[in-house]
Amino acid sequence: MLLFAAMLLLPPDVAQRLVGGALSDGLAYARLAELSDTIGPRLSGSAGAEAAVKWALQRLKDDGLAAHLEKVMVPHWVRGEERGEILSPAAHPLFLTALGGSVGTPQGGISGEVIEARSLPEIAALGERARGKIIFLNHTMGQKGGYGDFVGLRTHGPAEAGRVGASAVLLRSLATGSLRSPHTGATNYEAAGPKIPGAAVSVEDAELIHRLLQRGPVKVRLTLGCHSLPDVESANVVGEVRGRETPDEVVLLGAHLDSWDLATGATDDGAGVVIVMEAARLVAREHPRRTVRAVLYMNEENGLAGGKGYAAAHQSELARHVAALEADSGAGRPIGVSVQAGEGGAAQLRPWLGALESLGLAEAADGDAGGADISPLEPFSVPMIAVQQDTSHYFETHHSAADTLDKVQPEALAKTAAAVAVVAYALAEMPQPLPRPPPKAPRESREPPKPAAH
Ligand SMILES: [Zn+2]
């Protein structure tokens, strides 16, 4: 019955052009190679980020979309030199990298004794014992729990450690696998609070520090040259497929153009950028009822200026944003569709998605969906849709020097682009938009994310 309905709702020739185009044209991977290899790292404020903005604008125009830039001011943090070593009980190099936004160390670095903590409350409980020490933040990501369980250690650890008088923080990298590469990511200070340097050490170095601490005192030194420069003008890149019947109703497809500076961000989030571009290109040829808008955000990694700026600039339109989808989970194959809408959302979308069966996806289900850049739309009751991907290898290279093109399998990338194209077309063509969910409070005022299933 459902299958029959699926055939009726998504015409087979449309499904064939969307899925077939993504799988056979090879454009997503070709563009990812261009973005990763010829533009390179794209941290906000960098020359690479600006080159990526120009590139994306041109490629959207090449695809026949109406494309323009929307200005945002972004932070400009630069890494500088960084090194570290264990001084005693024996000399070892430390493979470390500064957390994004961290202050640097004084000339000559910071040395001191290490003290271990495993949670934000444990930092607070150290009290006076932490004064002048370097706090080592250990955790079990990879063995027990996922990114969402531990990312708070990175975003708030140095701020908390500064409050108890520590001199610096070494965080065990947030990673599920490691060949001794450290993984960066943003840390946030409180405006009025102390600002102490924070760096991530590789998983192997974290294990070593932990073992040495079982034997007795451990002394380390770290030198970080990172610093912040004045904010820079940058832009979100927006491309539109104008709806043929109700152009003021918008299906938003998002991804972020910026990446960390350690590598080319092939999976975070170059993959998402080309998935969204490819979906928009394929949907444009089908002239759907509603507008499909690709938004390639700037500054997801260290500030969310693009996500917040878009929501502010388009506030008057958000009641007519009928759905938002963000591709920011790497380049893995698609495994399912999650629908965060009003009651009956997944049931309404499901009959349109029969074509996804051939791509190996599970049926659409109601559940959590969203993404950092589109999270500012949640208070406006915008339904959130996610094409879930296989992320089993994503956190091995995420935010590290190993996030490079060779980690991407062209076929998996093309399948995800196909799935996003089908979902985007369905959302833009179904006669009635999805029911809207109740408004959510802005993310900053919400509890940290629930533990991920993996
Ligand atoms: Zn990302």
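Visitor: Is Ser381 buried or exposed in this model?
Guide: Keep in mind that the model is predicted. Ser381 has a relative accessible area of 12%. The cut-off for buried is under 20%, so Ser381 counts as buried.

Visitor: Where does Ser381 sit, and which residue has its backbone oxygen 2.9 Å from a polar atom of the Ser381 side chain?
Guide: Ser381 is in the loop between strand E15 (365-366) and strand E16 (384-389). Leaving out residues up to four places away in sequence, Ser381 touches Arg436, Pro437, Pro438 and Pro439. The backbone oxygen at 2.9 Å from that side-chain polar atom belongs to Pro437.

Visitor: What about Pro351, is that one buried or exposed?
Guide: Pro351 is in the loop between helix H10 (345-349) and E15. Its relative accessibility is 12%. With the limit set at under 20%, Pro351 therefore counts as buried.

Visitor: How do helices H8 and H12 pack, roughly parallel or oblique?
Guide: Helix H8 covers residues 266-284 and helix H12 residues 410-429, and their axes are 8 Å apart. The angle between them is about 50°. Angles under 35 degrees would count as roughly parallel, so H8 relative to H12 is oblique.

Visitor: Which hand does the crossing have, and how many of the contact residues are nonpolar?
Guide: H8 passes H12 in a right-handed crossing. Among the residues making the contact are Val274, Ile275 and Leu282 of H8, along with Leu413, Val420 and Tyr425 of H12. One contact residue is polar and one is charged, and the nonpolar ones number 12.

Notes: Residues numbered from 1 in each chain as written. Predicted model: local features only at pLDDT ≥ 70, side-chain atom pairs only at ≥ 80, totals over all residues. Heavy atoms only, no water. Helix = DSSP H or I, 4+ residues; strand = E, 2+ residues; numbered from the N terminus. Buried < 20%, exposed > 50% of the residue type's maximum accessible area, 1.4 Å probe, protein only. Polar contact = N/O pair within 3.5 Å; in protein donor to acceptor, adjacent residues only side chain to side chain. Contact = heavy atoms within 4.5 Å. Axes fitted to C-alpha atoms, helices over the stretch in contact; angles between N-to-C directions. Parallel < 35°, antiparallel > 145°, perpendicular 65-115°, else oblique. Left-handed = near helix turned anticlockwise from the far one by under 90°. Nonpolar A, V, L, I, M, F, W, Y, C, P; charged D, E, K, R; others polar.
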